[in-house]
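Q: I have a model open and want to talk it through. Can you take my questions as they come?

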Amino acid sequence: MMNKLILGRYIPGDSFVHKMDSRAKLVASFYFIGIIFMANNWQTYLLIAAFTLFAVLLSKVDLKFFIRGVRPLIWLILFTVALQIFFTRGGTVYWEWGVLSVTEFGLTNGIFIFCRFVLIIFMSTLLTLTTPPLELSDAIEYLLRPLKVVHFPVHEVSLMLSIALRFVPTLMDETEKIMNAQRARGVDFGEGNLVQKMKAVVPLLIPLFVSSFNRAEELATAMEARGYQGGEGRTKYRVLHWHNRDTLAIIGFILLTVGLVFLRS
Amino acid sequence: MDIRFEKVDFTYQPNTPFEQRALFDINLTIKEGSYTALVGHTGSGKSTLLQHLNALVKPTSGMVEIGDRKIVPETDNKNLKPIRKKVGIVFQFPEAQLFEETVAKDIAFGPKNFGVSEEESRKLAEKMLQQVGLDESYLERSPFELSGGQMRRVAIAGVLAMEPEILVLDEPTAGLDPQGRKEMMEMFLELHEKAGITIVLVTHLMDDVANYADYVYVLEKGQVVKGGAPKEIFQELNWLKEKQLGVPTATEFAERLVAKGVSFGTLPLTADELADKLVSLSGGSAHDE
């Protein structure tokens, strides 16, 4: 059930993208989402799609994974695209019925929005498929560091983030186990009307909360026993390294931006 | 009610990049009234197989026959409740499944799901609590204020309250103290002998297999590599060690005596058997001297 989710999974490898610094990847992904809105004609979309495809090929991850990443969102995408197509006016009118109309502008807009969604999902899937979650949380900690000036608890937030990421699979396993145990006791999940469905969730949620509380307590005790006293004066085991390839990737993104600016209409 | 596996294959997340095969061509039968043990190294597919026993998962190919119901890949998920009522599963660390406000309500939860009346299920709860060795004073307490061992008992009572014909136990004594372990295993044996409940035990403890089971299946890498009475299985110590499985303590000890020149004929499995054989042997050897 939950196994169908691709987003947030990491696939080990040693490609160019895998070896990149997680900070570079994180910044680049956010930057990509920003500049994709600069594209506004065929040429720019072609350029940005080619760039994305190149990045995907560079990661040596099977294209199937990316397509699977799009799948859960396909209805949302199609809904948005349909809205664009039917409610945008302008240019040649192909079909009209009341407030609904299919026009030249509407069609192109619809296609552009579709490309935009798919490319953003591809890029964020690329980030999570090639970066271990812990490295991502390291990158976030590094990038949030400037916020210390305004007394933002950077260490605490990143600690929570890495613990949360670490326990996602564990909690998923636990959910599966409790679900099976309750099904064996005659609970039908996802059957009956809404009220019945909600009631069926109680025997799953309560044990899950209880076990989370217990786990938190045990983890806190174990951390204290190992001398954890907070963020002050800690050294780092995993140190992030910036390599030439990261600079190269950033240059790639700058060139892409320049290309977009030139091709924009 | 027998459970029969016929050429059962099972794959996790089929047709995805994360596809993983867990069971290969499983053929086995759990006979009515038997005490069957499933042993195997960690990751050998025991727990996956166990979920087939009451149709929590369906085979990817092949067929599981539970009583007169046939579960094939195409079986739809409705009307499986009658199976679940007949086959009760006590999962590993079952205390994690408790959720009601009181012990009584939690034990009665299973029966109520299967349509037993409020009053009746309350009576069942009282009876089952006694069965697992806790007194009535626990009925109105919250399950979360009990000790780990008591929680385990309540959880097991919750499964027993469904009055299953087949009881599946996935390492029921893991993490219990020796006294609790013994009490619990004796209780299951009593249920097996007196109430005639078929028991399927998944365990790593070969002593339990030797003491209680009358049939053993050995699993390795998702396949059944051997099946037979414990007496036969535990004769081949080297084969078992090769498969990284343990040997009953008594058998291990007997093996050492064999190395010192004692001959047993067949190796004993339990301490009692070992003692008997040693007594008869010492009688025999007195003649020689």
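Q: Start with the interface. How many residues of chain B are in contact with how many of chain A?
A: This is a predicted model. In it, 26 residues of chain B are in contact with 21 residues of chain A.

Q: What area is buried between chain B and chain A?
A: About 2200 Å². Carbon and sulfur atoms give 60% of that area.

Q: How many salt bridges does the rule find across the interface of chain B and chain A?
A: Two. B:Asp106 forms a salt bridge with A:Arg185. The closest N and O atoms of that pair are 3.2 Å apart.

Q: And how many residue pairs in polar contact across the interface of chain B and chain A?
A: Six, with both residues at pLDDT 80 or more.

Q: Which elements give two or more residues to the side of chain B that touches chain A?
A: α2 (81-86) and α3 (103-113) of chain B. α3(B) gives the most, with four residues.

Q: How do the residues on that side of chain B divide into nonpolar, polar and charged?
A: 12 are nonpolar, 10 are polar and four are charged.

Q: Next, B:Thr102. Where is its place?
A: In the loop between β6 (87-90) and α3 of chain B.

Q: Why does B:Thr102 count as buried?
A: Because its relative accessibility is 12%, and buried means under 20%.

Q: What lies 3.2 Å from a polar atom of the B:Thr102 side chain?
A: The backbone nitrogen of B:Lys105.

Q: Which residues is B:Thr102 in contact with, leaving aside neighbours within four places in sequence?
A: B:Leu139, B:Glu140, B:Arg141, B:Ser142 and B:Pro143.

Q: New topic, the largest nonpolar core. Which of its residues touch the most other members?
A: B:Tyr35, B:Ile107, B:Leu167 and B:Phe188. The core has 57 residues. Helix α5 (residues 148-160) of chain B gives the most to this core, with seven residues.

Q: Take B:Phe188. What is it in contact with, beyond four places in sequence?
A: B:Tyr35, B:Ile156, B:Leu167, B:Leu169, B:Pro172 and B:Ile199.

Q: Over to chain A. Which residues of helix α4 are buried?
A: In α4 (residues 63-70) of chain A, the buried ones are A:Phe65, A:Phe66, A:Arg68, A:Gly69 and A:Val70.

Q: What covers the buried residues of α4(A)?
A: The cover includes α3 (42-58), α5 (74-87) and α6 (104-130) of chain A.

Notes
Residues numbered from 1 in each chain as written. Chains lettered and ligands numbered in written order. Predicted model: local features only at pLDDT ≥ 70, side-chain atom pairs only at ≥ 80, totals over all residues. Heavy atoms only, no water. Core = buried A, V, L, I, M, F, W, Y, C linked by side-chain atoms within 4.5 Å. Buried < 20%, exposed > 50% of the residue type's maximum accessible area, 1.4 Å probe, protein only. Contact = heavy atoms within 4.5 Å. Buried area = accessible area lost by both parts, 1.4 Å probe. Salt bridge = Lys/Arg side-chain N within 4 Å of Asp/Glu carboxyl O. Polar contact = N/O pair within 3.5 Å; in protein donor to acceptor, adjacent residues only side chain to side chain. Nonpolar A, V, L, I, M, F, W, Y, C, P; charged D, E, K, R; others polar.
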